[in-house]
Each structure stands twice: as structure tokens, then as C-alpha cells.
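Hi,

Here is the structure I said I'd pass on. Have a look at it first, and my notes on the charged pairs follow below.

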Amino acid sequence: MKVKKIPLRKCIACGESRPKKELIRIVRNKENEINVDLTGKMNGRGAYICFKNQCFELAKKNKKLSKALETEITDEVYERLEDAIKLNQEQ
């Protein structure tokens, strides 16, 4: 039986490579809408961030998300991302 490869992605804040399922994906689609993609399957350009508060704060402070997605990120998107991180930490 073949062993499945686990897809790795890099956190834009800390630069650490982790399995795709351990990260949150933020997506910019063709209409330049920014969405928090918890399924990891939405169409568009994606950036990944860890479920850590430190990574969230670092990405927000240094505008790493804006650079990765090549567009301006609104406060509403940061709030949705922060809610997703808090929800995951409670589980």
C-alpha cells in the first residue's frame, strides 16, 4: 500500500512549514474579494497562517497578508480571521 504524502504549506507570519490542515487559508478570488477558507478548497490565490495568536498579530502588524495576496486587507477580514483562530483554540 502506498503512503500518502501530506501536503505542507508555509505560514506567512512565522515561515514554518506545517501540514495544510494545521493552517488557515485566506483566499483572494478573481473579484478581489478576500475570504477566510476553512475548507482549503476555494478558488483563488491563497495564503496560509498558523492557528497561533502570535502569527496573527505578526501578520497584521507587518501587513504580510496584504503582501502575499497583493491587495489591501480590511479590518473585517482580520476580525473573521481572529474569530476563526479563537474558535479553533477552544476546540
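One thing to keep in mind is that this is a predicted model. The pair I'd start with is arginine 25 and aspartate 37, which form a salt bridge with their closest N and O atoms 3.2 Å apart. Arginine 25 sits in strand S3 (residues 23–28) and aspartate 37 in strand S4 (residues 34–37), so this bridge ties together parts that are 12 residues apart in sequence. Both ends are out of the solvent by the under 20% cut-off: arginine 25 counts as buried at 10% relative accessibility, and aspartate 37 counts as buried at 3%.

Next is arginine 28, which pairs with glutamate 70, the closest N and O atoms being 3.8 Å apart. This one links distant parts of the chain, with arginine 28 in strand S3 and glutamate 70 in the loop between helix H2 (64–69) and helix H3 (75–90), 42 residues apart. Here the two ends contrast: arginine 28 is buried, at 17% relative accessibility, whereas glutamate 70 is exposed, at 56%.

Then there's arginine 18, which bridges to glutamate 22 with the closest N and O atoms 3.2 Å apart. Arginine 18 has 16% relative accessibility and counts as buried, while glutamate 22, at 40%, is partly exposed. This pair belongs to a network of salt bridges that links Glu16, Arg18 and Glu22.

For the overall tally, the structure holds 5 salt bridges.

Cheers

Definitions and conventions: Residues are numbered from 1 along each chain as its sequence is written. This is a predicted model: local features need pLDDT of at least 70, side-chain atom pairs count only at pLDDT 80 or more; totals for chains, interfaces and linings use all residues. Side-chain values use heavy atoms; hydrogens and water are left out. A salt bridge is a side-chain nitrogen of Lys or Arg within 4 Å of a carboxyl oxygen of Asp or Glu. Buried means under 20% relative accessible area, exposed over 50%, partly exposed in between (1.4 Å probe, protein chains only). Helices (H or I, at least four residues) and strands (E, at least two) are DSSP runs, numbered from the N terminus.
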